Amino acid sequence: MTQSLEVPTKEFCLDWTMDGANGGRVHFTLSGQVSLLDGKRFYKVDGVLYIADGSAYCREIGNPRLHVRRNGVEETGRQWGWEAISSRKSANRLCTMDGYFVRTGYWAPADRSIQLGIVAEHGITRRRSHSPTATIRLVD
């Protein structure tokens, strides 16, 4: 696959703050870029998830396991469905190492946008919290 010169790379950034029970906060950032490859037949998401601020309070927010998810939006508004695109890392692990990820996938002619978001899974029951989403429009 080669990178398409028709569509430029689009950058994204998503910030999300989780609050703890005793006033602690942890601020997560998801950033990177999305591009279309091989004549708009494939997409590539290249990004990083990291803790921007408040790393001392990871235990206070329950030291959740975090991962990045993606969804696609077609021309009609129909969506592909959410799918995990990065490995799960605990918040404590993100204090010492950023979570880099790369994901490629098929891009249909009807596809227009990709949505990205962060998911935090808490405890044994894996209760989930979801960040707001970032929508990256790749085709007008």
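## Strands, core and cysteines in a predicted model

Glycine 32 stands opposite glycine 47 in strand S3. The model described here is predicted. Strand S2 and strand S3 run antiparallel and are joined by 11 bridges. S2 covers residues 25–37, and S3 covers residues 42–53. Together they form a hairpin, with four residues between the two strands. Strand S3 also pairs with strand S7, residues 99–106. Eight bridges join S3 to S7, and this pairing is antiparallel. Within it, leucine 49 has glycine 99 of S7 as its bridge partner.

The overall fold consists of one helix and 10 strands. Along the sequence the order is β-β-β-β-β-β-α-β-β-β-β. The radius of gyration is 16 Å, close to the 14 Å given by the globule rule for 140 residues, so the protein is as compact as a globular protein of that length. The C-alpha trace spans about 50 × 25 × 20 Å along its principal axes. Of the 140 residues, 46% count as buried. The protein exposes about 7600 Å², and carbon and sulfur atoms supply 45% of that area. Among contacts with a separation of 6 or more, 61% join residues 24 or more positions apart.

The largest nonpolar core contains 30 residues. Phe28, Leu30, Val45, Leu66 and Leu116 have the most contacts inside it. Several elements supply at least two residues each, among them strand S1 (10–19), strand S4 (65–74) and helix H1 (91–96). The largest share, five residues, comes from S2. Leaving aside residues up to four places away in sequence, leucine 30 touches Phe12, Cys13, Leu14, Val48, Leu49, Val68, Phe101, Leu116, Gly117 and Ile118.

No disulfides were found in a search of the whole structure. A disulfide requires two cysteine sulfur atoms within 2.5 Å. Cysteine 58 counts as buried because its relative accessible area is 1%, and the limit for buried is under 20%.

Aspartate 38 has a positive phi of about 50°, although it is not a glycine. Aspartate 38 sits in the loop between S2 and S3, in the turn of the hairpin. Its relative accessibility is 26%, so aspartate 38 counts as partly exposed. Asparagine 63 also is not a glycine, and has a positive phi of about 45°. This asparagine lies in the loop between S3 and S4. Asparagine 63 counts as partly exposed because its relative accessibility is 25%.

Phenylalanine 42 is placed in strand S3. With 23% relative accessibility, phenylalanine 42 counts as partly exposed. Phenylalanine 42 and glycine 123 are 81 residues apart in sequence. In space, their C-alpha atoms are 36 Å apart.

Technical notes: Residues are numbered from 1 along each chain as its sequence is written. This is a predicted model: local features need pLDDT of at least 70, side-chain atom pairs count only at pLDDT 80 or more; totals for chains, interfaces and linings use all residues. Side-chain values use heavy atoms; hydrogens and water are left out. Buried means under 20% relative accessible area, exposed over 50%, partly exposed in between (1.4 Å probe, protein chains only). A nonpolar core is a set of buried Ala, Val, Leu, Ile, Met, Phe, Trp, Tyr and Cys residues joined through side-chain atoms within 4.5 Å. Contact means heavy atoms within 4.5 Å. Two strands pair if DSSP finds at least two bridges between them. The radius of gyration is taken over C-alpha atoms; the globule rule is 2.2 Å times the number of residues to the power 0.38. Accessible areas come from the Shrake-Rupley method with a 1.4 Å probe; for residues, only the protein chains shown count as cover.
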